Amino acid sequence: QVQLVESGGGLVQAGGSLRLSCAASGFTFKTYCMKWYRQAPGKERELVARIDEVGISVYHIDSVKGRFVISRDNSKNTVDLQMNSLKPEDTAVYYCNAGRRCAVVDRSDYWGRGTQVTVSS
């Protein structure tokens with residue numbers, strides 16, 4: 001019943017923008033910390049951005065800081081990732097994550113299936 005469904009991925013030229021969205025259902029969205037992860041081919045999964053339950057505390061990794069912005073809408077049970085000034089190294093599958101704990105990934109966390117982002121040079 002719990003679902004996280006990512007959308008908005010695609011192919012874009014370097015310097016372009018995409019907006020990813022994650023639609024959540026089957027759990028109390030507003031009590032969960034939300035995160036975006038990504039995994040590039042042959043590389044480890046990495047955290048991209050994190051936002052607390054009420055959307056006050058946000059975190060972005062250095063490589064995307066100033067280019068990406070995470071946001072959430074608790075009235076719609078969605079979390080978005082606005083991606084601007086995209087670079088080829090941003091190419092990856094992007095995953096939505098929901099967890100009770102913001103600082104760590106737990107076995108009880110929920111995950112989406114991912115959406116592909118490809119940035120051409």
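This is a predicted model: local features need pLDDT of at least 70, side-chain atom pairs count only at pLDDT 80 or more; totals for chains, interfaces and linings use all residues.
Four strands form an open sheet, and their order is β1-β3-β8-β7. The pairing within this sheet is antiparallel. Strands β1 (3-7) and β7 (68-73) stand at the edges; each has a single partner strand, so one side of each is left without a neighbour in the sheet. On average, and with direction ignored, neighbouring strands are turned by 15° against each other. Strands of a sheet pair through backbone hydrogen bonds, in either the parallel or the antiparallel sense. Between β7 and β8 (residues 78-83), the antiparallel pairing extends over 6 bridges. Isoleucine 70 has leucine 81 of β8 as its bridge partner.

With neighbours within four places in sequence left aside, the residues in contact with histidine 60 are Val48, Ala49, Lys65, Phe68, Val69 and Ile70.

The salt bridges number 5 in the model. One of them joins arginine 38 and glutamate 46, whose closest N and O atoms are 2.7 Å apart. The two residues of this pair are placed as follows: arginine 38, at 6% relative accessibility, counts as buried, whereas glutamate 46, at 32%, counts as partly exposed. A further salt bridge is formed by aspartate 90 with arginine 67, and here the closest N and O atoms are 2.8 Å apart. Aspartate 90 lies in the loop between β8 and β9 (92-99), and arginine 67 in the loop between β6 and β7, so the pair ties together parts that are 23 residues apart in sequence. Both aspartate 90 and arginine 67 are buried. A network of salt bridges links Arg38, Glu46, Arg67 and Asp90.

Another salt bridge is found between aspartate 106 and arginine 101, with the closest N and O atoms 3.6 Å apart. Aspartate 106 is partly exposed at 23% relative accessibility, and arginine 101 is partly exposed with a relative accessible area of 48%.

Alanine 40 is placed in the loop between β4 (33-39) and β5 (46-51). Its C-alpha atom is separated by 8.0 Å from that of aspartate 90, although the two residues are 50 residues apart along the chain. Residues up to four places away in sequence not being counted, alanine 40 touches Thr91 and Ala92. The relative accessible area of alanine 40 is 17%, which is under 20%, so the residue is buried.

The model contains 2 disulfides. In one, the sulfur atoms of cysteine 22 and cysteine 96 are 2.1 Å apart. The torsion about this S-S bond is about -85°, so the disulfide is left-handed. Cysteine 22 lies in strand β3 (residues 18-25) and cysteine 96 in strand β9; the pair therefore ties together parts that are 74 residues apart in sequence. Cysteine 22 and cysteine 96 are both buried.

Cysteine 33 and cysteine 102 are joined by a disulfide with an S to S distance of 1.9 Å. This link is right-handed, with 100° about the S-S bond. Because cysteine 33 lies in strand β4 and cysteine 102 in the loop between β9 and β10 (110-111), the pair ties together parts that are 69 residues apart in sequence. Cysteine 33 is buried, with a relative accessible area of 0%, while cysteine 102 counts as partly exposed at 22% relative accessibility. When the bonded cysteines are counted along the chain, the disulfides follow the pattern 1-3, 2-4.

Technical notes
Residues are numbered from 1 along each chain as its sequence is written. Side-chain values use heavy atoms; hydrogens and water are left out. Two strands pair if DSSP finds at least two bridges between them. Helices (H or I, at least four residues) and strands (E, at least two) are DSSP runs, numbered from the N terminus. Axes are lines fitted to C-alpha atoms, for helices over the stretch in contact, and angles run from 0 to 180 degrees between N-to-C directions. Contact means heavy atoms within 4.5 Å. A salt bridge is a side-chain nitrogen of Lys or Arg within 4 Å of a carboxyl oxygen of Asp or Glu. Buried means under 20% relative accessible area, exposed over 50%, partly exposed in between (1.4 Å probe, protein chains only). A disulfide is a pair of cysteine sulfur atoms within 2.5 Å.
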